[in-house]
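Reader: I would like to go through this model with you, one question at a time. Please give the cut-offs as we go.

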Amino acid sequence: MAGPTDKKSFNPPSVRTPFGQYNHGLYVPPGASLLVTSGQLGIRPDDTIPPDVTGQAEVCFEAIAAILKEAEMSFDDVIRISGFVTRREDFADYMAVRDRYTGTLKPVSTLLVVGGFTRPEFLVEVEVTAAKVF
């Protein structure tokens with residue numbers, strides 16, 4: 001059975017080394033099942049919202065973990081993460097949470113500073129693409 005190692009990362013020497021725990025490119029072989037999530041916000045099922053970016057990012061990644069599990073996938077299957085924060089100073093805290101959740105083969109990753117989300121108390125949003133290789 002195929003696994004995460006059937007994916008191949010690309011970090012050419014002619015491109016600056018990634019700033020964190022991610023790859024510049026990731027190849028997924030034919031025949032993989034694909035899952036794309038909507039952006040997940042830092043709001044729990046009981047509508048409570050942690051006050052800081054770390055807590056909200058953890059809620060985002062736990063929601064993504066639940067979606068992956070329901071699709072019979074895990075963070076080892078994640079090939080792309082897009083993260084959005086409202087403050088540049090939250091990069092390090094967001095990335096620390098992201099790095100705890102990502103699998104062995106690091107996905108490609110984009111992190112943007114945005115002007116805000118649908119409610120002012122939201123500080124982070126995360127979406128992923130996952131591909132399970134059989």
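Reader: How many salt bridges does the count come to?

Author: This is a predicted model, in which local features need pLDDT of at least 70 and side-chain atom pairs count only at pLDDT 80 or more, while totals for chains, interfaces and linings use all residues. Residues are numbered from 1 along each chain as its sequence is written, and side-chain values use heavy atoms, with hydrogens and water left out. A salt bridge is taken as a side-chain nitrogen of Lys or Arg within 4 Å of a carboxyl oxygen of Asp or Glu. By this rule, the salt bridges come to a count of seven.

Reader: Is Lys7 buried or exposed?

Author: Lys7 is found in the segment before β1 (8-10), where strands (E, at least two residues) and helices (H or I, at least four residues) are DSSP runs numbered from the N terminus. Buried means under 20% relative accessible area, exposed over 50% and partly exposed in between, with a 1.4 Å probe and protein chains only. Because its relative accessibility is 6%, Lys7 counts as buried.

Reader: Which residue forms a salt bridge with Lys7 at 4.0 Å, and why does the pair tie together parts that are apart in sequence?

Author: The closest N and O atoms of this salt bridge, between Lys7 and Asp77, are 4.0 Å apart. Asp77 lies in the loop between α1 and β5 whereas Lys7 is in the segment before β1, so the pair ties together parts 70 residues apart in sequence. Asp77 counts as buried, at 7% relative accessibility, and a network of salt bridges links Lys7, Lys132 and the partner asked for, Asp77.

Reader: Which helices does the salt bridge of Arg100 and Glu58 link?

Author: In this salt bridge the closest N and O atoms of Arg100 and Glu58 are 2.6 Å apart. Arg100 is exposed, with a relative accessible area of 52%, whereas Glu58 counts as partly exposed at 27%. The pair links distant parts of the chain, 42 residues apart, with Arg100 in helix α2 and Glu58 in helix α1.

Reader: How far apart are the C-alpha atoms of Leu111 and Val126?

Author: Leu111 lies in strand β6 (residues 108-113) and counts as buried at 19% relative accessibility. Not counting residues up to four places away in sequence, Leu111 touches Gly83, Phe84, Val85, Phe91, Tyr94 and Met95, contact meaning heavy atoms within 4.5 Å. Leu111 and Val126 are 15 residues apart along the chain, and their C-alpha atoms are separated by 9.2 Å.
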